Amino acid sequence: MAVDYETKLKSLLRTLFQFESADLDFGIYRIMNKKRDDINKFIDEDLIEAIHSEFESSKEADQKNIEEDLKSIESEMEEKFGSKIVDDKGKLLPVYAQIPLAQELAEKYNSLKTSIETASVSDQHKADIFSHIYHFFSRYYDNGDFVSLRRYSHKEKYAIPYNGEEVLLHWANKDQYYIKTGEYFKNYSFKTGEYTVNFELVEAENTTNNNKSEKRYFVLGSTDENPTYDAENKELTIFFEYRELIQDEQKEYGTRNAQDNILETIYSALISNIQNEGLKQSLTKKYSEKRTLLQKHLYSYTKRNTTDYFIHKDLKGFLTQELDFYIKNEVFNLDDLGTDNEVTIEQYVTRARVIKSLCLKIIDFLAQIEDFQKMLFEKKKFVVQTDYCMTLDNVPEELYPEISENEDQINEWKKLYGFGENKQSTLFSFDENGNLNLRENPYLVLDTKFFNQDIKDRLIASFDNLDELIDGILAKSENLQMLNLLHNKYAGKIKCTYIDPPYNTEKDKTEGKFVYKDGYDFSSWLTFMYDRLHSSWNLICSRGGCYISIDDVEYSQLYELLANIYGRQNHVATVIWEKVHTRKNSAKYFSVSHDYIPCFAKNKDNWERILIPRDNTDAYKNPDNDPKGPWKSDPVYANNPYDADYTIEKPNGIVLNRPPGQYWRFSEDTIKSKISKGEIIWGKGKSYPMIKRYLSEVQNGLVPVTLYDRKFAGDNPSANREFDELFGSDRLFSYPKPTKLIMRLLQTNLARSQYEIALDFFAGSGTTGNAVINLNREDGGNRKYILVEMGEYFDTVMKPRIQKVMYSDNWKNGKPQSNDGIRHIFKYQSLEQYEDSLNNIEFSDSGSFQRTLSDMDGYFLRYMLDFETKESPCRMNIAKLKAPFDYKMKIAEGNEIKEKTIDLVETFNYLLGIHVLKIQPFENDGIYYRVILGQLEDEKVLIIWRNTENLDLGRDKDFIEGTIIDQFKPSKTYINADFHVKNAYPIEPEFKQLMGA
């Protein structure tokens, strides 16, 4: 039975354009649904019509060429032999049978006649063309993504392109962004006939069984009634929980394909509980060979919520290149040459021409969708919210009365520091009324999120050179988005990065730390790491470098990746860290007790290594009151060869040669000099003398070594103990790194006396920030940190951890044992994410601009980007900057999407890349102004934000010029919305251009 490739191609295209998700109303699905009818018309009519038209045109052109060639051969026969030399069937006449030229002309004649006959059989050619188009696109599409599967011939062998690079890092997804989604969709709906079905995600109840799995799954919600049915509105609602499995559930569902097994149980339970027969029939009708409609949506819902995906960086270029490869190796089938399957070259040419023309149309169509997603992913993201945490010794005392009356702030101090408990009360100072005396508790940490904008403005305005005073930044964001936002401000300014990324081990896979498409384990991990490492490379200064913790599963891959980004010549060293000391006798092969920490420099020639402080200076004494100060004795010989061969005569007359197998450590002249200065300790009898090593002459520290044992840098058990001391026995975070380890690493590259920055964009529990604070506490340094984390423990672990170590460096069972804090300020922020961008696409009424999809040279999403979505909030709606403090977007927060006010001020500060000196509020005629003074290279930049509704632009001009500009005297001034101020620049075009939206 012949395969209907026209129908299969239509089905494939509907899959490529995600028709299976036609009922979803979020993200890219909602965008696609806006154009669903037009896409359907393109698949059913425009494309198929184009295929037929292209084929007919090519066939007619080919037939015309063949007929002309046939006439040419007939003319040549007349010219050479005076008559036609073949009969009506093309057989060479006997009289010419022995003439070579006649034989050659007859073969050409018959070949062209066959080509005409073959070309007239159009149905088979059409089927071949449909088949090739179908097979080409199906081999590069995998469950929502286009992936590189290079093949040649029918055996589907892989071929890797090579352009002469010294080192080629090739992986299937290397030209794509790997998207780590942080979104779980609370509301999911689809329609089937007259019925609506809702999936609703509810908060999971705490499980009482301690034996739980680490990975979470979608299970039916434990509500009293599930599902519920609204007969009046014909609406079915199914409740889900996303949680870990208890022990009995683990046994029931197993460890392999657990979610699929759970879904089978869910499906059976739902169908048995649905009483409405019409609804049941709709949900159980076959959607595909394997699944019913309800099964399809159950699988789509869980898959979308738990699997990450790719966005291609250049889909059009990739598929066009692959198309050329396909045509050369599949359409022009060289394996058929010389066999019974060989066909004429004309057929190949016709087929290839039509296939290429039509595939390019589809490629262009698909690329517009992918490029739209790419634009939304690459654009700089908005800062959603900004707040500050600071010790009270940074806060003006005139704000203390308002602070002491803030119950939310007091309650957080009780939660963090436990001052309401009797045994902790001795750490805190109270007034005669039993209230906290804020003046006597300088290291309590104030959080501005508990205060209104007026207090926050007055507090922040009290600081001059704000960015210099801020010791750290905590960013709640997918790390690549924050790295991209940091570029304009911090490019070339980060001294050291340390990251502890997911190791891509079986444990990571089991616990859901790193999810990837099936079959692309290493490829996805490399893609994920490459973009982030490459982006962070641009932030590192020429004297800096990076450290990365990894185990031996991915060490070799990571090393090659770092060598590709930093240059192999910039590998400084690889530290071996002893993470555990005990032997695991249950290990299958070896009991692994170490991790690797490769270190690469931005430029090894400029790498600024810093010596580790000595911890053994007590060994230096001065028992003889030597005027050069404390010393210790060292041998005069060593193992290392030194070109010195002489004898030493002791004061007792004994002459010494160097010990067997040893060498003098100094030249003879140096020894004589030290003898004359009294820097030799001779000893008794035949003993070898010792040399005085003065503390004043040794290096101010120790050269770092590459072997970090647990005593030097801590280990996993000590990290867990440290974490338990901070947070008590409730383990809120698995596998933290010991603070001591990060301190040892940072000590080698962060100078004490400068404002040097450490960046950790896999911040986890915040150990890097803890390490920087500890280093500064030890030596009074000014090091800073930037921590980026998107996990839920940003709020439950990382931020509280920094708040705790600011207050005290001594904790036990989650309670401070001292109040010896450190003066400190950190800023914490949350960012818009890629899923937020998708959810904030809005379509304007295009009206007369509407065109049809028959114009395939630049419509669809290119037009959508230029016209229909330009006013979307995520793309910077310029009109809304008239009220900049009320700019709102829909932001995913936990399992819900909430409307949040966006921090345009902080976003623009990042985009401009200014060093913020001052943020100050002003008021004039009841209008609120927020003014930012910043430094940008040699310029002082002033940025003025205000609401312009009912604004008198004349009075506004006088106030800005006479008060604000006169006070700050900037080199350049930016102002939002309309203004009459001389020589000022509008914010909006600069904002939109820098955002890349």
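The following legends describe an overview and several close-up views of a predicted model.

**Figure 1. Overview of the predicted chain.** In this predicted model, local features require a pLDDT of at least 70 and side-chain atom pairs count only at pLDDT 80 or more, whereas totals for chains, interfaces and linings use all residues. Residues are numbered from 1 along each chain as its sequence is written, and side-chain values use heavy atoms, with hydrogens and water left out. The chain contains 30 helices and 36 strands; these are DSSP runs, numbered from the N terminus, with helices being H or I of at least four residues and strands E of at least two. Of its 997 residues, 51% are buried (buried means under 20% relative accessible area, exposed over 50%, and partly exposed in between, with a 1.4 Å probe and protein chains only). Among contacts between residues at least 6 apart in sequence, 73% join residues at least 24 apart, where contact means heavy atoms within 4.5 Å.

**Figure 2. Helix α16 and its two ends.** Among the buried residues are Leu-480, Met-482, Leu-483, His-487 and Tyr-490. At the start of α16, a side-chain oxygen of Glu-478 comes to within 3.0 Å of the backbone nitrogen of Leu-480. Gly-492, with a positive phi near 75°, follows the helix.

**Figure 3. Packing of helix α22 on helix α25.** The axes of α22 (residues 716–727) and α25 (residues 793–807) lie 10 Å apart and form an angle of about 80°; axes are lines fitted to C-alpha atoms, for helices over the stretch in contact, and angles run from 0 to 180 degrees between N-to-C directions. That makes the two helices, α22 and α25, roughly perpendicular (65 to 115 degrees; under 35 counts as roughly parallel, over 145 as roughly antiparallel and the rest as oblique). From α22, Glu-722, Phe-723, Leu-726 and Phe-727 meet Thr-796, Val-797, Pro-800, Arg-801, Lys-804 and Val-805 of α25.

Figure 4. Tyr-735, in the loop between α22 and α23, has a positive phi of about 60° although it is not a glycine. Its relative accessible area of 42% makes Tyr-735 partly exposed. In α23 (residues 739–747), 8 of the 9 residues are buried, so this helix is largely enclosed by the rest of the structure. The buried set includes Leu-741, Ile-742, Met-743 and Arg-744.

**Figure 5. Surroundings of Ser-818.** Ser-818 occupies the loop between β28 (815–816) and β29 (825–831) and is buried, at a relative accessible area of 15%. Its side chain makes a polar contact of 2.4 Å with that of Asp-820 (a pair of N or O atoms within 3.5 Å; within protein, one must be able to donate a hydrogen and the other to accept it, and residues adjacent in sequence count only if both atoms are side-chain atoms). Beyond four places in sequence, Ser-818 touches Leu-427, Tyr-807, Ser-808, Asp-809 and Asn-810.

**Figure 6. Leu-279 in helix α8.** Leu-279 belongs to α8 (residues 277–284) and is buried at 1% relative accessibility. Apart from neighbours within four places in sequence, Leu-279 contacts Tyr-195, Val-197, Tyr-229, Leu-236 and Ile-274. Its C-alpha atom is separated by 8.7 Å from that of Glu-194, 85 residues away along the chain.
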